[in-house]
Amino acid sequence: MQHLGQYADIRYIEQQKDKMLVYNSINPDLLYKMSGEIKRKYSIYVEDGFAAAIVQKIARELNMLRHISTIIYGSAENAFTVAAGKVLSGEDTESILIVIDGDKFTTQEEKRNQLKKVLTGTESGHDEKIEQALSTIVQFNLPPNSTPEKYIHSLLIAMDDSQECVVCAKNITGVSNSHEWIGNIVEQMGIGEQAYSTIMDVASEHPSWGRYVSNVKEWIMSKREEI
């Protein structure tokens, strides 16, 4: 219906208990009230369930969970295939964000080189497609030579012992692979990946959390202004 706006002055009406609201355009909340249909305007692509929990924590704090779909794409290399596919299919790249963990492909040049491997060609506008795809990709701000799991573990062990996930984190003194820094906490807590939400609630209290998630948070905040 919105495309008819060039021919007619269309308004959307919401009847509330003691008043009637009139809107110039329809947003996801109004669409749900009118039809019961849930339409999430934005999509954020992440490597795994742990990264998804980080994104969801940010979105929850910004009251944007209901507007965002979180989609897992697998290894970091797949991020560039997803970005290229979105550009080639002509999708609205302003509504998507592709997040990599931040332990690989940390510079813009490294990301650009990865995109050139999947977006090949010499046609006019090819360089613009590369840059458009590049603009959809951000990363968590990890310290050098770290991984998301190891870094979040380091935040937890700096926190107060009163939190159960902190106690579990401090029980871990060594791991055979980086995923176990968090996987062993999850195992101790015994509630599966539900523990991710608790871990993020605690880790987000650390002063370093803000910088770690700043790229994703800034993007979500910019989209909140569009709603």
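Buried means under 20% relative accessible area. The legends below use the word in this sense, and they describe a predicted model.

**Figure 1. Overview of the protein chain.** The protein chain of this predicted model contains eleven helices and six strands. Of its 227 residues, 42% are buried. The accessible surface of the chain comes to about 12500 Å², and carbon and sulfur atoms account for 48% of that surface. Among contacts between residues at least 6 apart in sequence, 66% join residues at least 24 apart.

Figure 2. Cys-165 belongs to helix α7, which runs over residues 164–170. With a relative accessibility of 1%, Cys-165 falls under the 20% limit and therefore counts as buried. Leaving out residues up to four places away in sequence, Cys-165 touches Leu-156, Ile-185, Met-189, Thr-198, Ile-199 and Val-202. Tyr-196 is 31 residues from Cys-165 in sequence, and the two C-alpha atoms are 9.6 Å apart in space.

Figure 3. A disulfide is a covalent bond between the sulfur atoms of two cysteines. The structure holds zero disulfides.

Figure 4. The largest nonpolar core has 46 residues, and the members that touch the most others are Ile-152, Ile-185 and Ile-220. Helix α2 (residues 49–61) gives the most to this core, contributing eight residues. Ile-152 is in contact with Phe-50, Ile-182, Ile-199, Ala-203, Trp-209 and Tyr-212, leaving aside its neighbours within four places in sequence.

**Figure 5. The edge-to-face pair of Phe-80 and Phe-105.** The whole structure has six aromatic pairs. In the pair of Phe-80 and Phe-105, the ring centres are 5.2 Å apart and the planes make an angle of 85 degrees, an edge-to-face arrangement. Phe-80 sits in helix α3 (residues 76–88), while Phe-105 is in the loop between β5 (96–100) and α4 (108–118), so the pair ties together parts that are 25 residues apart in sequence. Phe-80 is buried at 1% relative accessibility, and Phe-105 is buried at 14%.

Figure 6. Phe-140 and Tyr-212 form a stacked pair, with 5.2 Å between ring centres and 25 degrees between planes. Phe-140 comes from the loop between β6 (137–139) and α6 (148–156), and Tyr-212 from helix α10 (residues 209–212), so this pair ties together parts 72 residues apart in sequence. Both Phe-140 and Tyr-212 are buried.

**Figure 7. Asn-141 in the loop between β6 and α6.** Asn-141 is located in the loop between β6 and α6, the loop that also holds Phe-140. Is Asn-141 buried or exposed? Asn-141 is buried, with a relative accessible area of 16%. The side chains of Asn-141 and Ser-214 are joined by a polar contact of 3.0 Å. Not counting residues up to four places away in sequence, Asn-141 touches Arg-211, Tyr-212, Ser-214 and Asn-215.

**Figure 8. The buried residues of helix α11.** Helix α11 spans residues 214–224, and its buried residues are Ser-214, Val-216, Trp-219, Ile-220 and Lys-223. Which elements cover the buried residues of α11? The cover includes strands β3 (42–46), β4 (68–72), β5 and β6, together with helices α2 and α10.

Definitions and conventions
Residues are numbered from 1 along each chain as its sequence is written. This is a predicted model: local features need pLDDT of at least 70, side-chain atom pairs count only at pLDDT 80 or more; totals for chains, interfaces and linings use all residues. Side-chain values use heavy atoms; hydrogens and water are left out. A disulfide is a pair of cysteine sulfur atoms within 2.5 Å. Buried means under 20% relative accessible area, exposed over 50%, partly exposed in between (1.4 Å probe, protein chains only). A nonpolar core is a set of buried Ala, Val, Leu, Ile, Met, Phe, Trp, Tyr and Cys residues joined through side-chain atoms within 4.5 Å. Helices (H or I, at least four residues) and strands (E, at least two) are DSSP runs, numbered from the N terminus. Contact means heavy atoms within 4.5 Å. Rings of Phe, Tyr and Trp (its six-membered ring) pair if their centres lie within 6.5 Å; planes under 30 degrees apart count as stacked, over 60 as edge-to-face and the rest as tilted. Accessible areas come from the Shrake-Rupley method with a 1.4 Å probe; for residues, only the protein chains shown count as cover. A polar contact is a pair of N or O atoms within 3.5 Å; within protein, one must be able to donate a hydrogen and the other to accept it, and residues adjacent in sequence count only if both atoms are side-chain atoms.
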